[in-house]
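Open your viewer and keep the selection panel at hand. This tour goes from stop to stop.

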Amino acid sequence: MMDNFTPGPGGEASPTEAGAAADAAIAAPAEVAASVEAQFMKELFEAGVPEHLHEWLADYGIGALVVKMGIRFLEMSPERCVATMPVEGNTQVAGILHGGAHVVLAETLGSFAAGMHAGPGRQALGIEVGATHHRAVSAGTVTGTCTAIHLGRTLTTHEIVMTDEQGRRLSTARITNLIR
């Protein structure tokens, strides 16, 4: 049996091996592209991404992990990004928000802010991220507030503070992105 990720003869999966999605892509690339863009536009809307950023993200969406984590954006600019994330569904075995979930929220906010600073035709690539966890949370919604520390030509650095619904600091993260 062949999976969708294993190349067939010639280095590519054959239409039969790749399944119905590949058959559709070969048969009608324009319809598939339109369908993918429509899905990404739906993602952007549901995640609260401001409409003025939809054109920028229409070809990429917000990323599968952002969707799975339930992250919703409230503000988006190079200087400040704010988003929320539910604790439910993002917990570790002890029933508290997973430390990695804090980092996912932080890296999401810092990377989007750096990407907006980079501008069209440039790309932000995360080169360092770290977090300190101050307090646990087991229910509700976490808010991440990302603030620019440095917005340079080739590097950006942002601090991201995660708080609970009472405004208590849960963790503090910092991310540095390389601008290419």
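Which residue in β5 does G144 stand opposite? Select G144 and look across: M162 is there. Helices (H or I, at least four residues) and strands (E, at least two) are DSSP runs, numbered from the N terminus.

Some ground rules first. This is a predicted model, where local features need pLDDT of at least 70, side-chain atom pairs count only at pLDDT 80 or more, and totals for chains, interfaces and linings use all residues. Residues are numbered from 1 along each chain as its sequence is written, and side-chain values use heavy atoms, leaving out hydrogens and water.

**The sheet**

Select β4 and β5. They pair in the antiparallel sense over 8 bridges; two strands pair if DSSP finds at least two bridges between them.

Contact means heavy atoms within 4.5 Å.

**The core**

Select V49, I71 and F73. These have the most contacts inside the largest nonpolar core, which has 32 residues. Such a core is a set of buried Ala, Val, Leu, Ile, Met, Phe, Trp, Tyr and Cys residues joined through side-chain atoms within 4.5 Å. Buried means under 20% relative accessible area, exposed over 50%, partly exposed in between (1.4 Å probe, protein chains only). The largest share of this core, 8 residues, comes from α6. Stay on F73: beyond its neighbours within four places in sequence, its contacts include V49, V82 and F112.

**Salt bridges**

A salt bridge is a side-chain nitrogen of Lys or Arg within 4 Å of a carboxyl oxygen of Asp or Glu. The whole structure has 4.

- Select R174 and E128: their side chains meet at 3.8 Å, N to O. R174 lies in β6 and E128 in β3, so the pair ties together parts 46 residues apart in sequence.
- Select K42 and E46: their bridge is 3.5 Å, N to O. They sit 4 residues apart in helix α3 (residues 29-46), about one helical turn.
- Select D164 and R168: the bridge is 2.7 Å, N to O. D164 is buried at 6%, while R168 is partly exposed at 39%.
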